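Biologist: I am new to this structure. Please show it to me, and then take my questions one at a time.

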Amino acid sequence: MILPSRASRVRAEAALLEAVAEDDPTKVSSALGLTHKYAGELLALKVRATYNNASDGSAFFHSIASYGLQFQLGENITELAKRNGMTEALKILETVEKRLVPLTVPLGRPLETEALLLKAISADDGAEITKLASSVNARQVSRILSLKVKDSYNDANDSTAFYHSVASHSLKFQLGDTLLDLAVRNEKPSAVESLKKLLGYEVSSEMQQSTKESSKESSKVIKAFVRNAMSGEELCQISAESSWTIARLAEEVARVAPAAGGCRIFLLGESAVMAGTTLADLTEGDTLELSSLVRENVSGVYFTTIAGDGGLDDPLGPLGGPGGRLLPGGRRPKPAELRLELCEDGTALVEYSAKPIDRGHCAPPSGGHFISASGTWTFAAPGVKVDLTKGFHGHFIRMIPTRASKWEQEQSISLAMAKEDQFDVVDVVCRSSRSSPETVSLRSPHVLCPKGAAFVKTEGRRRLLKNFRMDEEFD
C-alpha cells in the first residue's frame with residue numbers, strides 16, 4: 001500500500017523515468033524542476049534487486065525494464081541515462097545534480113585514481129594497475145586496496161567504501177568486495193596478479209590455480225524456502241546456486257510444486273522480484289525465504305517500449321550506437337512499441353511498431369517498420385510460453401501500415417510474471433524463418449523482443465494496427 005504522502009513522489013518518479021526513456025530534456029526538466037521538493041530524492045534513488053516496495057525510500061518503486069531502459073543494480077537515474085545513451089536527458093540530470101548535490105571531497109582522497117583502477121580491472125590491464133599505484137603514495141594505495149563495495153556509493157565522507165559505482169564499470173560484485181575480490185570474481189587474471197603483488201602476495205602457479213578455483217566457487221549453495229503468501233504454508237525447499245536467477249528457481253519450484261493452470265509470482269517480503277535477479281542479490285547468507293502467489297487469469301493486453309540497439313539484426317536498421325541515431329537538432333527517435341495480447345482461447349498476438357519520424361513535411365510521415373505475429377500461448381515454467389507461427393511485416397505510408405511480406409516461422413518467447421500484471425522476458429528462441437517468395441526483404445521478420453523487457457498490462461489502450469493497405473494474398 002502506498003501512503004498518500006508518498007503517492008506524489010511515486011508519480012514524479014514515473015514521469016521522470018518516462019522522460020528519460022524518451023530522451024526528452026523538456027520533460028526531464030518538468031519532472032524534476034529545480035524547486036521541486038522531490039528532486040533531490042529522485043536523483044538519489046537506486047536500482048535495487050526488488051521494487052514496488054513503498055517502504056524503501058531509497059529504491060525506485062517502478063520497474064526500470066518496463067520503461068525500455070537497460071540497467072545494472074545500484075544505478076541512479078543519471079547513470080541510467082548514461083548507460084542508455086540518452087544524451088539530452090543526461091545533460092539536464094547532470095546540471096540539476098550539480099546544483100542540488102554539491103560534491104565535497106575530503107582532501108587526500110584520490111577519487112580519479114580509484115575510478116581508473118576500476119576501469120583497469122574491467123579491462124584486465126595489470127600493467128595499468130601497477131602504473132596507477134605508483135602515481136600515488138603508499139598510504140593512499142593501502143587505502144584504495146582496502147575499499148569495499150557497500151550498498152551505497154557517491155558518499156565522499158565514507159572513506160571505507162568505493163565512491164564510484166562498481167556496476168558502471170561492468171563488474172560483477174557482492175557487498176564487501178575489495179579490488180582484489182572484484183578481479184577474482186570477474187576472472188581477470190592479469191589484474192589479480194598485479195593486485196596481489198601490491199598487497200604483498202607471492203604469486204605462484206599454485207596461487208594462480210587457487211584464483212581460478214575461488215572464481216568457480218564464488219557461486220555458493222543457498223537453501224531457498226518457498227511459502228504460500230496467503231496461508232504461510234511451506235511449499236518446498238530448493239537447494240539452489242547463488243548464481244541462479246528467479247526464473248531459474250521458478251523452473252525448479254515448478255518440478256516440485258507445479259502451479260497447474262497459472263503463473264507463480266515470487267515475493268521477498270512485500271517487494272516484487274525481477275525474473276533476472278540472482279539469488280546472490282537477495283541474500284548474503286546461505287538461506288533465502290520467499291513467498292509465492294499463483295495468478296491464473298493472465299489473459300489481456302500487455303505493452304512495453306524498447307530502443308533499437310543499432311545492430312545488424314535490428315529491424316530499425318543501424319542506428320549508430322546506444323539509444324539510436326540522433327536526428328538534426330539533437331532529437332532522437334522515440335522507442336519502438338511492443339504489444340502482447342494473450343487471449344482466453346489460448347491464441348496470442350504480438351505487434352512490434354516503430355513509427356516513422358515526423359520531419360515536418362506537410363504530409364504525414366512514411367517509413368518506420370512494423371511486425372505482426374500470431375500463435376498460441378500456454379502456462380509453462382517459469383510462467384508463460386508464447387509460440388509464434390506466422391505473421392507479416394512492412395512499413396508505414398503516411399502513417400498507414402502497409403504489408404510488405406508474410407512469413408512463417410518458429411519463434412518462442414518465455415515470460416515470467418514478476419508481479420501482478422507484469423511479465424518479464426526470460427528467453428527468446430528463433431528456430432527457423434522463411435519469407436514469402438513473392439517479396440524479398442532484407443529485414444528480419446522475427447519479433448524484436450529483448451531479454452529483460454517488461455510487459456505491463458493495459459486496460460483498453462494500445463489497440464491493434466488498423467487500416468492496412470493489403471493485397472488479396474494476405475487475406
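Biologist: Which residues does S299 touch, not counting residues up to four places away in sequence?

Modeller: This is a predicted model, in which local features need pLDDT of at least 70 and side-chain atom pairs count only at pLDDT 80 or more, while totals for chains, interfaces and linings use all residues. Residues are numbered from 1 along each chain as its sequence is written, and side-chain values use heavy atoms, with hydrogens and water left out. A contact is a pair of heavy atoms within 4.5 Å. With residues up to four places away in sequence left out, S299 touches L342, C343, E344 and K457.

Biologist: Is S299 buried or exposed?

Modeller: S299 sits in the loop between β6 (287-295) and β7 (300-306); strands are DSSP runs of E, at least two residues long, and helices are runs of H or I, at least four, numbered from the N terminus. Buried means under 20% relative accessible area, exposed over 50% and partly exposed in between, with a 1.4 Å probe and protein chains only. The relative accessible area of S299 is 13%, so this residue counts as buried.

Biologist: With which side chain does the side chain of S299 make a polar contact?

Modeller: A polar contact is a pair of N or O atoms within 3.5 Å; within protein, one must be able to donate a hydrogen and the other to accept it, and residues adjacent in sequence count only if both atoms are side-chain atoms. For S299 the distance is 3.2 Å, and the partner is the side chain of N297.

Biologist: How far apart in space are S231 and S291, C-alpha to C-alpha?

Modeller: S231 is in the loop between β2 (221-228) and β3 (234-241), where its side chain reaches the backbone nitrogen of E233 at 3.3 Å. In sequence, S231 and S291 are 60 residues apart. From C-alpha to C-alpha, their separation in space is 9.9 Å.

Biologist: Which residue lies 19 places from Q411 in sequence and 4.4 Å away in space, C-alpha to C-alpha?

Modeller: Q411 belongs to strand β12 (residues 400-419) and is buried, at a relative accessible area of 1%. Beyond its neighbours within four places in sequence, Q411 has contacts that include V386, L388, V429 and H446. The residue at 4.4 Å is C430.

Biologist: What is the relative accessible area of E13?

Modeller: E13 is part of helix α1 (residues 4-21). Residues up to four places away in sequence aside, E13 touches L42, L45, A59, F60, F61 and H62. E13 is buried, and its relative accessible area is 1%.

Biologist: How are α6 and α7 oriented to each other?

Modeller: Helix α6 (residues 111-122) and helix α7 (residues 126-134) pack with axes 8 Å apart, at an angle of about 165°. Axes are lines fitted to C-alpha atoms, for helices over the stretch in contact, and angles run from 0 to 180 degrees between N-to-C directions. Angles under 35 degrees count as roughly parallel, over 145 as roughly antiparallel, 65 to 115 as roughly perpendicular and the rest as oblique. The two helices α6 and α7 are therefore roughly antiparallel.

Biologist: How much of the protein chain is buried?

Modeller: The chain has twelve helices and 14 strands. Of its 475 residues, the buried share is 45%.
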